[in-house]
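Student: I have not seen this structure before. Could we go through it by question and answer?

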Amino acid sequence: FAPEGEIALHTMSVEPDRGDTVRCRARISLGKRSHDVSVTAVGTISAMSEILYALGAGVEIVSLSQAQIGDETVTYLRCERNSQQCWSYGRGRTGDEAAVNALIAGANQLG
């Protein structure tokens, strides 16, 4: 559900921007190449989706489920790319962090 792969998130910062948007800055690697990316989007999950699409590794979220386990959030995503689907899994201190980790796991599976 949460395989390591070609895509790895090294750092990410999210700051409020205008209106309901956030400014997301990330260092993400795709294979051996590392990229510094900055996007403005409506929410952290949307920002990571835009980053993945910009790198040619975008996936659509078909369904999302989250649960709290102790002090962590776990996220299960059903992701799709080119008519292929997979389940992915991510953990984090917040719902956004867990969802971003699950989104990257889905992109790695469908890559």
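**Aromatic pair, core and chain**

Student: How many aromatic pairs does a search of the whole structure find?

Tutor: Keep in mind that this is a predicted model. Searching the whole structure for aromatic pairs gives a count of one.

Student: Which residues form that aromatic pair, and is it stacked, edge-to-face or tilted?

Tutor: The residues are Tyr76 and Tyr89, with ring centres 5.2 Å apart. Their planes make an angle of 50°. Planes under 30 degrees apart would count as stacked and over 60 as edge-to-face, so the pair of Tyr76 and Tyr89 is tilted.

Student: How many residues apart are Tyr76 and Tyr89 in the chain?

Tutor: Tyr76 belongs to strand 5, and Tyr89 to strand 6 (residues 84-92). The pair therefore links distant parts of the chain, and the separation is 13 residues.

Student: Is Tyr76 buried, partly exposed or exposed?

Tutor: The relative accessible area of Tyr76 is 34%. Buried requires under 20% and exposed requires over 50%. Tyr76 therefore counts as partly exposed.

Student: Strand 5 also holds Thr73. Is Thr73 buried or exposed?

Tutor: Thr73 lies in strand 5, which covers residues 72-81. Its relative accessibility is 6%. Because the limit for buried is under 20%, Thr73 is buried.

Student: With which side chain does the side chain of Thr73 make a polar contact?

Tutor: Beyond four places in sequence, the contacts of Thr73 include Gln66, Gln68, Gly90 and Ala98. The polar contact between side chains has a distance of 2.9 Å. The partner of Thr73 in it is Gln68.

Student: Which element gives the most to the largest nonpolar core?

Tutor: This core has 23 residues, and those touching the most other members are Ile7, Ile28, Met48, Ile51 and Leu52. At least two residues each come from strand 2, strand 3 (33-41), helix 1 (44-54), strand 5 and helix 2 (95-109). The element giving the most, with five residues, is helix 2.

Student: Against which elements do the buried residues of helix 1 pack?

Tutor: The buried residues in helix 1 are Thr44, Ala47, Met48, Ser49, Ile51 and Leu52. As a group, the buried residues of helix 1 pack against strand 1, strand 2, strand 3 and helix 2.

Student: Which residue just after helix 1 takes a positive phi?

Tutor: The place to look is just after helix 1, where a phi of about 80° occurs. The residue with this positive phi is Gly56.

Student: What separates the C-alpha atoms of Asp17 and Ala41?

Tutor: Asp17 sits in the loop between strand 1 (7-16) and strand 2 (22-30), and is partly exposed at 36% relative accessible area. Leaving out neighbours within four places, Asp17 is in contact with Val22, Arg23 and Thr40. Asp17 and Ala41 are 24 residues apart along the chain, and their C-alpha atoms are separated by 8.9 Å.

Student: What pattern does the protein chain follow along the sequence?

Tutor: The protein chain has two helices and six strands. Read along the sequence, they give β-β-β-α-β-β-β-α.

Student: What is the radius of gyration of the protein chain?

Tutor: For 111 residues the globule rule gives 13 Å, and the protein chain is close to that value. The chain is therefore as compact as a globular protein of that length, with a radius of gyration of 13 Å.

Methods: Residues numbered from 1 in each chain as written. Predicted model: local features only at pLDDT ≥ 70, side-chain atom pairs only at ≥ 80, totals over all residues. Heavy atoms only, no water. Helix = DSSP H or I, 4+ residues; strand = E, 2+ residues; numbered from the N terminus. Buried < 20%, exposed > 50% of the residue type's maximum accessible area, 1.4 Å probe, protein only. Polar contact = N/O pair within 3.5 Å; in protein donor to acceptor, adjacent residues only side chain to side chain. Contact = heavy atoms within 4.5 Å. Phe/Tyr/Trp six-rings, centres within 6.5 Å; stacked < 30°, edge-to-face > 60°. Core = buried A, V, L, I, M, F, W, Y, C linked by side-chain atoms within 4.5 Å. Rg over C-alpha atoms; globule rule 2.2 N^0.38 Å.
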